[in-house]
Amino acid sequence: MVFALEEINHSTTLLPGVKLGYHIRDSCAQHPWVMQAALSLVGGDSTSCNSAALPGYSAQYEEELGERRDYQAVPLIIGGASSKAAQILSRILGPLSVPLMSYTASCPCLSDRRQYPNFFRTMPSDIYQARAIAQLAIRFNWTWIGAVVANNDYGHIAVKVFQDETQGSEVCLAFVETLQRENIVSDARRAARTIQASTARVILIFTWYTDVRELFLQLAKINVTDRQFLASEAWSTSADLLQDPVTRQVASGVLGVAIRSSEIPGFENYLTSLNPIDRPDDVFLREFWENEFGCSPVAASHANTLIQKAFLPPCSGTESLKGMHNPFTDITQLRVTYNVYLAVYAAAHALHSLLSCPDTNSSTRSNSSSCSFPKQIQPVEMSRHLNNVNFTTPQGEMFYFRGADIPAKYDLVNWQNSPEGPLKLVLIGRVDGFDLHLNESAIQWSTGSNQVPVSVCSESCPPGTRKANRKGEPLCCFDCIPCADGEISNKTGSLHCERCPSEFWSNANQTACIPRQLDFLSFNETLGITLTTVAVSGAAVTTAVFVVFLYYRRTPMVRANNSELSFLLLLALKLCFLCSLVFIGRPAVWSCQFQQAAFGISFVLCVSCLQVKTLVVLAAFRSARPGAETLMKWFGPSQQRGSVCFFTCIQVIICIFWLLLQPPVPQADLDIPGLTVTLECAMASVVGFSLVLGYIGLLACTCLLLAFLARKLPDNFNEAKLITFSMLIFCAVWVAFVPAYVSSPGKYAVAVEIFAILASSYGLLLCIFAPKCFIILLRPEKNTKKHLMAR
């Protein structure tokens with residue numbers, strides 16, 4: 001502070017013609033002494049000082065005036081080192097409008113201008129360092145962190161800000177232990193055991209450095225040496241901790257937020273040139289000199305000897321601070337020092353603004369040197385001008401107040417091992433407001449390497465899984481559940497699995513959606529080959545029967561069974577066998593439309609032939625009765641052909657309307673889960689398909705009924721019996737087909753339909769033509785009219 005004042009007093013631009021003085025009071029960190037010293041300063045009473053009081057300079061240098069001036073009330077106080085002291089002083093000085101400027105009070109509560117309208121500080125609010133630590137946790141993916149904090153506003157506010165800042169980032173506090181200074185040993189022991197028992201590998205410590213020292217001592221006793229500590233500014237730069245062997249054992253690699261440091265040009269020379277002989281009134285320097293050199297400096301006659309140590313020899317006068325290695329002369333870490341330096345400059349610039357504009361009610365400022373100085377500077381005027389301070393420091397930094405605060409700036413430091421033994425403090429980044437600038441490659445972690453420590457309650461869920469929170473545990477503790485079939489998660493730590501589009505399916509690892517593979521009844525697979533073989537065999541057997549009947553067309557067996565309808569029936573059966581082949585292979589538009597029409601028309605043709613055959617048999621035997629000769633006129637060859645054509649044309653008309661209005665189309669059945677999706681002929685109109693099947697069923701039932709009625713006609717070889725058996729098999733197959741078709745998945749539904757076609761076709765072929773072929777080929781002696789007509 002004295003250095004900054006002397007620097008300002010020698011400036012030709014800042015407060016030209018004005019000399020600043022000061023009073024210094026030592027509060028010894030006691031709140032009653034803080035209040036006593038402050039009241040003595042604002043009251044202008046130089047005598048009401050405690051035992052550590054230092055009479056300082058008056059409003060002008062005594063050396064220049066050659067006489068001592070009466071002490072005047074100070075217009076501004078720089079002090080309130082702790083937040084509690086700052087709160088006390090601000091409330092006391094508030095009614096007097098005396099501005100108070102602190103250089104280390106960091107409680108966020110002091111930013112409230114309604115409660116502390118006269119408070120200013122060059123120390124950022126703790127909110128910003130808690131936010132910076134939260135950003136570090138998020139940046140390094142530490143989701144499971146323990147916290148040890150002071151049992152006061154400093155610790156509790158830090159924890160709250162940390163939790164608010166990490167909300168939504170899946171960062172959880174595994175535990176929060178508090179340290180009370182009055183019970184520091186027991187509290188530190190309890191916190192150390194909690195740290196040992198916890199799975200958290202990163203520990204946030206927000207408390208005073210003396211508390212941290214006791215905590216490290218307790219951790220060393222139980223051999224906990226593998227934790228990564230995050231430090232608040234209260235202990236991140238503590239020289240005592242850095243030089244402590246216990247700290248080296250327990251807390252190497254500490255990552256912390258520190259009060260920003262800055263160089264102060266000329267300050268080193270100023271410190272090393274200090275000598276109590278030149279400053280006889282400086283009792284602080286005198287005491288330091290006695291402790292450092294073990295001698296008593298020669299004091300002037302008016303020197304204060306209240307704290308002079310007895311039995312010390314007089315100094316020789318050659319003692320000097322130059323070349324000494326002492327924390328007092330170490331300027332490598334000017335942190336709180338720089339805050340004091342800024343506070344002095346802020347006060348000087350406010351005073352400069354005030355003195356440059358005597359008309360305090362004017363909104364303009366005059367820099368005229370003709371302005372006369374006020375006899376007494378009013379504290380309320382100093383407060384108003386402090387609010388408007390905006391200047392560039394000698395280091396080139398912009399300085400201004402936002403309410404009580406300045407823009408938050410911190411250093412990021414790292415405790416690293418050094419060959420010399422003690423830990424060394426290394427600058428690894430800076431915090432500027434909400435922006436964090438960090439050189440990660442320069443960090444030495446607690447593991448002694450550049451590998452970032454891992455601190456999680458549960459390992460991140462790999463792709464293909466999702467998080468499932470554990471009941472009653474924090475969000476950071478979870479289980480990883482594989483995604484269901486058809487769902488994927490393609491990134492680490494997914495909360496949900498995403499369902500694939502209908503045209504895609506999840507791969508084996510549930511990490512990506514891949515196009516579904518089309519499946520259909522192919523000629524190349526075993527089932528397709530088997531059905532093709534059976535169909536071709538049926539067509540070949542039908543052809544062979546056709547050839548046999550054609551060769552023996554003049555025999556009684558062939559002629560007695562209506563050879564024309566028999567040949568037409570064999571042709572229809574051959575079409576039935578061949579139409580099943582259209583169902584095999586990749587479905588296309590033409591095949592989907594053709595297969596159902598061919599199937600429907602072929603079977604109607606078969607059943608129509610059988611029905612007409614049955615009607616002819618019934619008519620033939622009825623015509624043998626007296627008076628029924630004319631009945632056969634209605635069942636001649638032309639009528640038989642016409643009846644078959646009529647019955648078949650009805651099915652043709654149904655198929656034409658069906659195919660014109662809503663024909664079957666090839667379509668993948670995407671509703672069935674799985675990577676393989678069946679490409680099938682989708683029935684756009686269930687009504688059309690039902691009409692086709694229904695018409696076949698109607699003819700089949702009618703034919704079965706007629707054949708059943710004619711089964712006992714007195715022929716030795718009654719074809720009505722054969723038709724009855726064939727229609728029974730036919731109806732049984734298609735009745736069983738319906739439930740089997742509906743319940744069969746994918747291409748197996750097509751296989752069921754093909755099987756029904758082939759089974760019913762084979763049933764008709766074997767039941768009707770096998771007995772006839774047996775007689776024609778193996779029992780030719782029975783192939784006579786007499787045998788056929790025998791009763």
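Which side chain meets that of Asp-226 in a salt bridge? Let's find out in the close-ups below, which show a predicted model: local features need pLDDT of at least 70, side-chain atom pairs count only at pLDDT 80 or more, and totals for chains, interfaces and linings use all residues. Residues are numbered from 1 along each chain as its sequence is written, and side-chain values use heavy atoms, with hydrogens and water left out.

**View A. Asp-226 and Arg-201 join two loops.** The partner is Arg-201, with 3.9 Å from N to O. A salt bridge here is a side-chain nitrogen of Lys or Arg within 4 Å of a carboxyl oxygen of Asp or Glu. Asp-226 sits in the loop between helix H8 (209-221) and strand E7 (228-231), and Arg-201 in the loop between helix H7 (184-197) and strand E6 (202-206), so the pair ties together parts that are 25 residues apart in sequence. Helices (H or I, at least four residues) and strands (E, at least two) are DSSP runs, numbered from the N terminus. Both residues are partly exposed, Asp-226 with a relative accessible area of 41% and Arg-201 with 29%. For these labels, buried means under 20% relative accessible area, exposed over 50%, and partly exposed in between (1.4 Å probe, protein chains only).

**View B. Arg-279 reaches Glu-6 across the sequence.** In this salt bridge the closest N and O atoms are 2.9 Å apart. The pair links distant parts of the chain, 273 residues apart: Arg-279 belongs to the loop between helix H11 (267-272) and helix H12 (283-293), and Glu-6 to helix H1 (residues 2-9). Glu-6 counts as buried, at 19% relative accessibility.

**View C. Arg-470 pairs with Asp-479.** Here the closest N and O atoms of the salt bridge are 3.1 Å apart. Arg-470 is partly exposed at 28% relative accessibility, and Asp-479 is partly exposed at 38%.

**View D. Glu-177, Asp-187 and Arg-190 form a network.** Salt bridges link these three residues. The structure as a whole holds 23 salt bridges.

**View E. Three strands make an open sheet.** Their order is E20-E22-E21, with mixed pairing. Strand E20 (517-519) and strand E21 (665-668) stand at the edges with a single partner strand each, so one side of each has no neighbour in the sheet. From one strand to the next, the twist averages 35°, where axes are lines fitted to C-alpha atoms (for helices over the stretch in contact) and angles run from 0 to 180 degrees between N-to-C directions. E20 and strand E22 (residues 676-682) pair in the parallel sense over three bridges; two strands pair if DSSP finds at least two bridges between them. Leu-518 has Val-677 as its bridge partner in E22.
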